[in-house]
Amino acid sequence: MSNTDQATLAATQSQRPPFYRDATVVKWLAQVFTLLLVVFALFFLTTQALENLNRQGIEIKYDFLSIGLGSDLREGIDTDPDTAGRALWAGAVNTLRIAAGGIVAATILGVLIGVGRLSSNWIVSRMCSVYIETIRNIPLLVQIVLIWALVATLPDVELDQGPINGLLHLSNKGMSVPRLHIDDGFYQWLIFIGAGWLVGTFVKRRRERRHDATGRDTYPVLSFLAVLAAFGAVGWVAHPMFRWVGAIFDFIGDGFSSLTPVVVQVVLSLAALAAAAWWIRRFLARLRTPAGLMKLTDDDKFRIIFAGVGALAVIAFMLVGWPGLASWIINSGTDLLGVIADKFGDGRTGQPLDIKRPDVEQLGNFPNPGPAGLNLTQGGAAVFFGVVLYTASFIAEIVRGGILAVPKGQTEAAQAVGLRRVTMLRRVILPQAFRVILPPLGNQYLNLTKNTSLAIAVGYSDFVQVGQIVYNQTGKTLEVISLWMLFYLACSLTISVVVNFFNIRMKIVER
Amino acid sequence: MSVSDATTALTEELAARDDMIVCEGVNKWFGDFQALDGITAIIKEREVVVVLGPSGSGKSTWIRCINRLEAHQEGRIVVDGVELTNDLRNIEKIRSEVGMVFQQFNLFPHLTVEDNVTLAPIWVRKKPKGEAEELARSLLERVGIPEQAEKYPGQLSGGQQQRVAIARALAMEPRIMLFDEPTSVIKEVLDVMKELALSGMTMMVVTHEMGFAREVADRVIFMEDGQIVETGTPEHFFTDPREERTKLFLSQIL
């Protein structure tokens, strides 16, 4: 090979292809193009929709949230709301209550049934199979209406009759159980719990280290719980000593309210820039080898530019897109600090928590379960048990699948090295089963939350049902639908974030 | 010294040692199928026994009965003076004295190599973590993969996984090692097994690896249809088998 040949070869290798053949450039251009297309399409559709609505004299406005609502809710934190916004808030709280309680209950029930189906006890495993196959093959709406109808057959509430001051009261008005009331000293007591958590974590770590050093059983988790319980017990009587904490929040709140919007805007801008800088730093740190920084590919450069542009976009939105954001933050921040400050104080010397049994009161023509107990109305019970029983059947199958997905050889290997059953489950089987169970379990949580909207069929005052009342009275259909969508999106994203957090932790454990 | 002289000498020498594994009339059925049919054998301390036989002959079932991964239905199995019964304490005692290496390795995929090895010493033997890690490092050194300690089983080759499995079993400091058809018998694994045999470990090896049987085994047991057909020293077994079934098997496999 001659010298010229070599020179040509080198030149060809180092030459970049034209940009329309450069894989990296094409990829990024496609991304940016798609983004612009989506933004433009959304912009076009919204302006068109607004224009058409305007032509018909309909305005998209959310001021209906602060006008009065002429009807009562069946249940919730506020059954006689002053405004539509307050009513929707009460509905949202009802939905969240059912969803949160439902997720906990469906998980417990589902795990029990799933493990039960694997049981070597013939009757238990058969019963679990029958449960799963029956429940998951009947539409949820049918089950909810069925439970509602069943509750209707229960006896009436009577003032002087029934196990009303007992632990569980069932009637055609629904069910009541004893309820934990947050009492006077709760928030001051929380400080003790927080401190107990910190100290407990410290003790737990120390005990884990001692186990590592000596090999003896040191029960780290149990000691953590013991420390927490001890702090809780001391705090139960000693919590008034923290009555001065409210003053601190008052002080911070005063300082916060005296901020000018410009200061907030500057701080938030700096925070956005700092976040971008932090991300870029971390990104570069990943590319750093002992020999020095790796050569950045075009891909990497695009990413860094994108992070910077993203931060600038956030700042632009804050300054131009929504100039009122800063004062809104100041106002709500001050309100929030004021509320927190109010939770502490001289008057708050009572016990932190109180448990009350269900009671009965007669305000109108008929007696009803009173405010002392935790009440589920007929509709609430129908929705709650409907989604719990239904989702539990799916969770049971997920749990069963996850446990079966761990090969038998793992059990045998654990047995062969002499691990006891509990240690084997804790250290070998469950960590592997969790990896399989977690993602579909998250899906079931999402399903459960969204399925609570079937409450509308039985008149439970959830977010959807209240929204329906609101738009029937105000005519603001589009606005209410947009709120529904935002609300369920927020719920789903929250659940996704939590489940993904655990997912990632599990993944790191594996590889 | 003739083959028969050697056999006699070995037999005498063995007779003087302690019994490690005693099986008497062990029977086991899977449904209608009889997997083990009157297995009677005594394995002495420091003896290396290779179990040969066509597939489905019950070799694996037998050694899996010895640490109770399968339960035998009739007969007696006594391991180092402890009889295998339904008594959980006996099962635990035997399992912590008998190491087992599986055909499919069965390493714990969610733990690093080192954690695979230290798991049992920490949670069964209650060893301090530092001590267990030291033990793990020396064992990984012994099986020739000290540099893989931080990796996960999925990142290792078959032969490396096999050696981790051996290290994991050795971490319990067992008196007996059972090998259930180690498939990836590359030279390094074979060397580790030979070294183990020379160090005086009592070993039972189910294998198709004739080289190992010839070189290392003190005794070869040939099984077919759940029965022990023939037993003998490797010299005797490979050169002058008595039974027709053994001759047939050897003619097929050699």
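1. Starting with the helix pair in chain B: B:Gly159, B:Gln162, B:Arg163, B:Ile166 and B:Leu170 of H6(B) meet B:Glu188, B:Val189, B:Val192, B:Met193 and B:Leu196 of H7(B). Contact here means heavy atoms within 4.5 Å, and helices (H or I, at least four residues) and strands (E, at least two) are DSSP runs, numbered from the N terminus.

2. Before going on, the ground rules: this is a predicted model, where local features need pLDDT of at least 70 and side-chain atom pairs count only at pLDDT 80 or more, while totals for chains, interfaces and linings use all residues. Residues are numbered from 1 along each chain as its sequence is written, chains are lettered from A and ligands numbered from 1 in the order in which they are written, and side-chain values use heavy atoms, leaving out hydrogens and water.

3. How do H6(B) and H7(B) sit relative to each other? Their axes come within 9 Å and cross at roughly 20 degrees; the two helices are therefore roughly parallel, a label for angles under 35 degrees. Axes are lines fitted to C-alpha atoms, for helices over the stretch in contact, and angles run from 0 to 180 degrees between N-to-C directions.

4. H7(B) covers residues 187–198, and its twelve residues reach 16 Å from first C-alpha to last, close to the 16 Å expected at 1.5 Å a residue (the expected span is 1.5 Å times one less than the number of residues). After the helix comes B:Gly200, with a positive phi near 95 degrees.

5. Which residues of H7(B) are buried? They are B:Val189, B:Leu190, B:Val192, B:Met193, B:Leu196 and B:Ala197. Because they cover an arc of only 160 degrees around the axis, they lie on the same side of H7(B); the arc is that of the directions from the helix axis to the C-beta atoms. The face turned away from that side carries exposed B:Lys187 and B:Leu198. Buried means under 20% relative accessible area, exposed over 50% (1.4 Å probe, protein chains only).

6. The cover over those buried residues includes strand S3 (48–52), helix H5 (129–142) and strand S8 (202–206) of chain B.

7. Also in chain B, S1 (residues 19–30) and S2 (residues 33–44) run antiparallel, joined by eight bridges; strands pair if DSSP finds at least two bridges between them. B:Ile21 has B:Ile43 as its bridge partner in S2(B). Two residues separate the strands of this hairpin, and B:Gly31 in the turn has a positive phi of about 65 degrees.

8. Over in chain A, three strands form an open antiparallel sheet in the order S1-S2-S9.

How values were computed: Angles under 35 degrees count as roughly parallel, over 145 as roughly antiparallel, 65 to 115 as roughly perpendicular and the rest as oblique.
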